[in-house]
Structures are given as C-alpha cells and as structure tokens.
Amino acid sequence: MIIKDLVNNIIFRRLATLLVVLAVISSSSLFVYSSIETSNQNEIEAAFAARIAKVKDEVDRETIRYQNLIATVGAFFNASGQVELASFDQFVEGMGIETSFPGVKGLAYAQRMDGNESLEVQTRARELGVQFSKKISTIPGEHAALIYAAPNTDQAPVGMDIFLFPGGKEALMHSSETGVAVASRPLTYEIGGKKIVGFVLAYPVSGGAPITLKSNQMQQYSGWVFAFVDFSTILPGINALRDLNITITDSLSGDSVIKPKSPGAQGIKSSFEFTIGTRDFKAVVTPTQEFITQSFDNGKALRYAFLTANIQFVAVLVFVLIFMHRTRRKREVNLTFQAGHDILTGLPNRFYLEKWFEQRVKSALKKTQKVTVLFIDLDGFKAINDTLGHQLGDEFLVAIAQRLQKEVREKDVLARLGGDEFIVVLDEVGDETQAMRIAQRLIEVIRFPVMLESGPVCVGASIGIAISQLDANSDSASIIRFADAAMYAAK
C-alpha cells in the first residue's frame, strides 16, 4: 500500500523522472569521455570542414561585392546620356573604391568603335581633354578606345585584356547578350615594381558614351567598363589563414593563381569551387601541422566533454521547469509582434504606429514637444512588379526597407503602411529645415540601384512632411493624413 501511494505521488514521480534523466546524462558523459580518446581524426576533420565552409563563405561574399561594383559602374553609364571625365572621376571617388575595394588596381571605360573611326575618336578625345585614347583591341573586327581610367596614369593595368586568351571575344559577346560581368583568365601585371596576379572584370554598357559614333547606333552596346582586380586582396579570408595551404587554379586554362606556402598534412584535403564573372576557379586546401596541433588537445577535449555533459544536465532541468511557461510566453510575444509588424519587411505597421503615438502623447502632456512624420512613396515601383514579377518586387521592397532602417535613428520609427508606402516618425525633430534635409537624404538612399537577379533596378521617391505639436487632441491618423497629402503635393 505504501509503495502504491508513492507511485501515485506526483512529487515521487517527478523525482523518479529527474533520477532517470540524471542517469542518462551521466551515462552519456561517460560515453563521451571514453570516445574522445579515439576521435582525434574525426575532430580534426570536422574542424577542417568548418574552416573550409567559413573560407568559402568569405570568398563568395568578396567575389559578389566586386562583381556588384563593376555592375554598379555599368549602371552609372547606362543611366547617363553622356559621361564626362569629371563625372567619371567624381563617381569613382564617391564610391570610395580605394578604401572599400582595395583589390581594384585599375578601373576604366572603353568605347566600342569601327576600325575606320580611330582618327575621329582621337580628335574628339583631345577636344574632351581625355588623357587616355588609344586602340586597345587586337581582334579583327573588334575595336575599342580606352577613354577613361582611374587612377589616371598610363600604367594603369586596365584594358581589354580579356581578348588576349582563347575564347575571350566569345566571352565578351556572351556578356553583351546576357548583361552580366565576365572575367579574364589570371593575368600578371607589374605595379610599383611588384608583380600582381589578378583578373579583368568586364561589363557591357549601352549608355554614357562620351563620343558620338555612327557605329554605336547599330550596336546593342556602345562600350565596356573594366576593373583589374588583385587576387591577393579580393580573397582576404584565404590570405589571412596561415595554418592552411591553399592552391587556386583557373578551371578553364589551368593557370595557378595562388600556390601553397608549405607542405600540407597527409591524408586530409578539401576543395571547393567559386565563380568570378562567369569564370570558374578551383581551390584545393590542406591543413598545416600547426592546424593539426591547434585543433586537438586531449586534456582540453576531455574537460569540455565533462563540461558539456553537465551543461546538458542543467539545461534539461531548466527546460523541464520552464517549458510550459516559455511556450505560452513565446506564443503571446509572436502574436503581439505579428499584430504590430509587417510580414514582408518586418517593419512596424499602422497598428504599431497608433500605439506608439498613444504612448508619445501621454509622455508629451507634461512638456511641449513636436513630432515630424515623413510619408514616403516609391515612384516607379509598379513597373517593377509589372515587368519583373511580384517576387522580385518583394525582394526590392525588403532591400529598400533595410536601407531606410540603417538611415533612421534608434529613437525614430520606420514603418510600412502597405504596398510601396513607408512612414518615418522623427522623434523630437521640430525644425522644418532639418526634416527636409533628412527627407532628401532618404530620397538619395532610395535612388541608389538595388541589385536583383535581373540586374540593377532603380526607383525614385516622393516624400511628404508633416510637423505636429503633441497634445491631448493629437491623433496619429490625422498626422499621417497630413503627411500623405504633402506627399501627393510633392509628386
């Protein structure tokens, strides 16, 4: 009878469950303790695989940044009727290429021309005050003149070097047809007495030609923008790894770009591929002995195994005690968040704004305060949905929302009302001039091209500004309505 009562007792059952959990965790810790002594190789391989994954992520991120750079320069030309030398230099300086893209050792624009237009190009180049004007193509039937280059020196390693290997002309034609950047094979230049291995990224452009040529009117693209990129800086993740040996080769030509520094450990090797401008490269990686030594410490590993087992035990206990409470709390938080935030962008919505205004009005009754509302409407967004589809349209809205989020202050509120309409509430900003300056900055941020799958996409924006004194009669709907009316007036 006593035993039956114990079994039915809730405290006894919980205690028994706790003892079972303790026994399981203790057994698992003993298993880990005994297994670690024979798991050296597995741990090394796991650490090596994690390192390789991180390296590949860094490589992919950097290559995408540089491809986006040349595409952005191309978008600048495509959006311009005629790019002058001062505009080119100003654009290059404004992008902060020297600091943000240290791998770019030369950036240039070459205008396409027929062979019999060389003299005309030379004459017009002198009239424009362009320092660089020379024929740079060696392929019959394909001619181009190097019009602009940065830095402005005759030794800038830029040009149509992509022509100088088998398939180079076909690559540029492919670029012209698809509108994507292409890369040359690995090239070696001597800059400042130092040999630099890199490649040329080329991107076709149809606008911005500084010289008007008859031949350009019959061609889809009037020229190209080029960037010579140093491999040693575009892949910082690779060059910073002193405990790994890495060999990088061009998959098409087989040329070696980066060679190993020292012999690698036997029996462990990994490889991955990455693409730059539609050109494939292969990286083969082996660990050094330094990596092997750092990856495994028997005593440390055993201590961590014991610590892990104890952490698991504590985690199970805590989980059992608070599981139901956290589940209920999480559900409440999710419902509250969903009610006050936009599903697509994660920004606050109209409901959130109303609650925010209520709290703001209560706090403002004790002192005189103003609030400024900016009503933002994207100009031309409908065309993106109509031409590219709603999926890319949604991606575009998310990108714009992220940009705006970076521009507003922490105490301000950025919200999406729906469609392509956004609201920015500037807390404690009552000066009209300051509000207009902030609005102009947001317009500039929105206008900068967004890189989608289809290429760079640009829109404009119209912003209405409403400044209101907060008092007991303040109403968020009225303030937003005034800003909305100002926005339509701005359009």
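Colleague: Which residue with a positive phi follows H4?

Modeller: This is a predicted model: local features need pLDDT of at least 70, side-chain atom pairs count only at pLDDT 80 or more, and totals for chains, interfaces and linings use all residues. Numbering runs from 1 along each chain as its sequence is written, and side-chain values use heavy atoms, without hydrogens or water. Helices (H or I, at least four residues) and strands (E, at least two) are DSSP runs, numbered from the N terminus. After H4 comes a residue with phi near 60°, namely Gly96.

Colleague: At what angle do H13 and H14 cross?

Modeller: H13 (residues 381-388) uses Phe381, Ile384, Asn385 and Leu388 to contact H14 (heavy atoms within 4.5 Å). Axes are lines fitted to C-alpha atoms over the stretch in contact, with angles from 0 to 180 degrees between N-to-C directions. The axes come within 7 Å and cross at roughly 145°.

Colleague: Which residue of S10 is the bridge partner of Thr249?

Modeller: S7 (residues 244-250) and S10 (residues 279-287) pair (at least two DSSP bridges) in the antiparallel sense, over seven bridges. Their open sheet has the order S8-S7-S10-S9. In S10, Thr249 is bridged to Lys282.
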